[in-house]
Amino acid sequence: MDRPRDLVELEDRWLLPYRGMQVIQIRVSYQLTLLLDSGAQVDVETEAELSTLRAPDRVKARLLPEQQDVAPALALFGATVLSSVAFKSGSLRLVFDTGLQLKVKPDARYEAWSAQGPDDGLRLVCQPGGGIAVWQ
């Protein structure tokens, strides 16, 4: 699968350069970290939702990284990213080839998520209350 090399900015969102990358490691502490095969990583620090994409079999799981309640996220190990979008409102959506999607909304008080790589200079952070800070 072709991988976009750069972050792409659209009017209401950023297309992250993670398409075609595989989840090779999952870390759990007070956050949930997905390490991708390119050296990129996504950190989820607040409540998130993992769900299947298709109805009527739609299943939703609430992930609470600060409580290490993230067991459903283990299903992402080995999955390949099909789509990775950071909305300028602060929401993050990752879609995987397994039919799962991970969604994180901004938090009023905390940085809900961050992403970095695959290049050393790329970093995105969801700011408290919404919005995204971007470094390239």
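**Note on the sheet, core and surface of a predicted model**

1. In this predicted model, an open sheet is built from 7 strands, which follow one another in the order β1-β2-β8-β9-β10-β6-β7 with antiparallel pairing. The edges are taken by β1 (8–9) and β7 (60–63), and each has a single partner strand, so one side of each is left without a neighbour in the sheet.

2. Within this sheet, strand β10 (residues 100–104) pairs with strand β6 (residues 48–52) through 5 bridges in the antiparallel sense. At this pairing, Leu50 stands opposite Leu102 in β10, and Leu102 is also listed, together with Tyr18, Phe96 and Trp113, among the residues with the most contacts inside the largest nonpolar core, which has 35 residues.

3. For Trp113, the contacts beyond its neighbours within four places in sequence include Asp43, Val44, Ala86, Leu92, Val104, Leu124, Cys126 and Ile132. As general background, nonpolar side chains tend to be buried together in soluble globular proteins.

4. Ser84 lies in strand β8 (residues 81–87), and it counts as buried because its relative accessibility is 4%, where the cut-off is under 20%. Setting aside residues up to four places away in sequence, Ser84 touches Trp14, Leu15, Leu16, Pro17, Tyr18, Arg19, Arg93 and Leu94; of these, Tyr18 is one of the core residues named above.

Conventions
Residues numbered from 1 in each chain as written. Predicted model: local features only at pLDDT ≥ 70, side-chain atom pairs only at ≥ 80, totals over all residues. Heavy atoms only, no water. Helix = DSSP H or I, 4+ residues; strand = E, 2+ residues; numbered from the N terminus. Buried < 20%, exposed > 50% of the residue type's maximum accessible area, 1.4 Å probe, protein only. Contact = heavy atoms within 4.5 Å. Core = buried A, V, L, I, M, F, W, Y, C linked by side-chain atoms within 4.5 Å. Pairing = 2+ DSSP bridges.
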